[in-house]
Amino acid sequence: QALAKVFQDSEVALLCGMCQDSLPKKMGERLHFLDWFRILMIWVVVYGHLFFSGILPSPEVMEDNHAYAWAGQKSSLGVRYMSIVRQWCIPLLFWVSGAAASISYKGDWMRLNRSLAKIGAITITGLFVNGLIWAASPQEPQCSPMSPCTGKGTIFDFTVVPDAGKVFPVIFQMWFTMCLLLLMFLNRPLFCALSQQGSMLAVSVQWLCTMLLSTAALQVSAPKGGSILSTWPLLVWIALSEAIFDLAALATDSAWLDLGEEKRRFLHYICAVAAVAQVSLSPMNVYLGNVTGLYIFLMCNKLYALGFVMTKNRGNAAPLMSHVWPLVVVLGVLVAPSSSWSMSGHMTYPYYADALDRGLYLAGALTIIFALDRISRYITCKQLPDFLEKAGLLLYLLHPAIATCLIACGVQTIASVWLLATGIAVAIAYAGWGLRHAMNSRTSSNDGYMVLLP
């Protein structure tokens, strides 16, 4: 019952971007588009996970042969996913999380601690389920669905997270909520200041804490000079970008400066430029042997904060670049992902060798985010059904376990596992929603008449 209470708590889902039930700045308006993007991003992330799980690709129904050495070679849907969706999927997911958090942000420690504890419970649940699946497998990274280790596992002779060591299969998708726990606590001073409850001193402490975390990430990222001191130019770059972002974010609040609505939107663009400078243009590969930890941390942190900043001022940020929106035709080509897919580091987000490629890649994600943000202000989005919200949470938590069971039952293609896992999550959520609705209707009956609750 306690765990069910956690899953049903709308505040937890709100802050972690998994269930946004909000009342934005205009009375009567709800930001339903955040709900839709949250569940859609989870859905495509599950596909990405399955794409690297070692099972058979989907039927070859399209020709994306530009990434192959011979003409006419067909590829699966996964290549198109990795080439296109990968650019904006994770950035948009963190942006949605920050945007959802801004709707009902209060800033008091009691509420924050309660939310952290509940999200922590969700994280522990996911880790526990992943741990059970890993314990029932051979616990060997090389045992994939297509190359099983027959006779080694307790129940399963493979893992859906192959070639990922012996720790990450337990963490797997739960890195998102683990990262979110950190970002909620780290960004509290800035969020409080934007909610007229904080101070410049507290934001300065946040800046210092961000730099300490960045320094720690540098230390474990194998500095090429052999010492953390050799990376001081990189640290200075990160520190300056962080300071510019924080100052621009603070300036968007009318309590700090009396700015017009177009100037507030301009400050949003400054925040986005600072994010690109810090995440993509900083010379991490010059000073570090492994950039993944620092790169992913900075990217998630800046997109989460940007979502909060842009949505907190949603009601008083007038269009700026939207006045010349036809330019997006040219800009879209410039920041489009490469026509030849490359892993370039971690699956979560690529780190290209050249700064220009990295900058254009993240700029493309931000272009999509800004466009969607502006469109959402003028086009009404219908509410996402409640059971689909719960299905998204279930799919996020349980897709490694569901996929493992489906593969063990003989389902071998990515598309089949993906769609069946989705269907199972939706069916469970719909059944739970129907049962709860029936129980509420029964308890609300009066004088023999059934009263249906909305």
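**A tour of cysteines and a nonpolar patch**

Start by selecting Cys 143 and Cys 149: a disulfide joins the two, with an S to S distance of 1.8 Å. Keep in mind as you go that this is a predicted model. Turn the view until you can look along the S-S bond; the angle about that bond is -90°, and the link between Cys 143 and Cys 149 is left-handed.

Next, pick Cys 179. This residue takes part in no disulfide, and its nearest cysteine sulfur belongs to Cys 300, 4.4 Å away. Why no bond there? A disulfide needs sulfur atoms within 2.5 Å, and the sulfur of Cys 300 sits 4.4 Å from Cys 179.

While Cys 179 is still selected, check its cover: Cys 179 counts as buried because its relative accessible area is 13%, and the cut-off for buried is under 20%. Then hop over to Cys 192, which is buried too, with a relative accessible area of 4%.

Select Trp 325, Val 328, Val 329, Val 330, Leu 331 and Leu 334, and colour them together: they make a nonpolar surface patch of about 630 Å². Zoom in on Val 328, one of the patch residues. Val 328 lies in helix α14, which covers residues 328–334. Is Val 328 buried, partly exposed or exposed? Its relative accessibility is 42%, so Val 328 counts as partly exposed.

Conventions: Residues numbered from 1 in each chain as written. Predicted model: local features only at pLDDT ≥ 70, side-chain atom pairs only at ≥ 80, totals over all residues. Heavy atoms only, no water. Buried < 20%, exposed > 50% of the residue type's maximum accessible area, 1.4 Å probe, protein only. Patch = residues over 30% accessible without salt bridge, like charges linked within 9 Å, V, L, I, M, F, W, Y side chains within 5 Å. Areas by Shrake-Rupley, 256 points an atom, 1.4 Å probe, with all protein chains shown as cover. Salt bridge = Lys/Arg side-chain N within 4 Å of Asp/Glu carboxyl O. Helix = DSSP H or I, 4+ residues; strand = E, 2+ residues; numbered from the N terminus.
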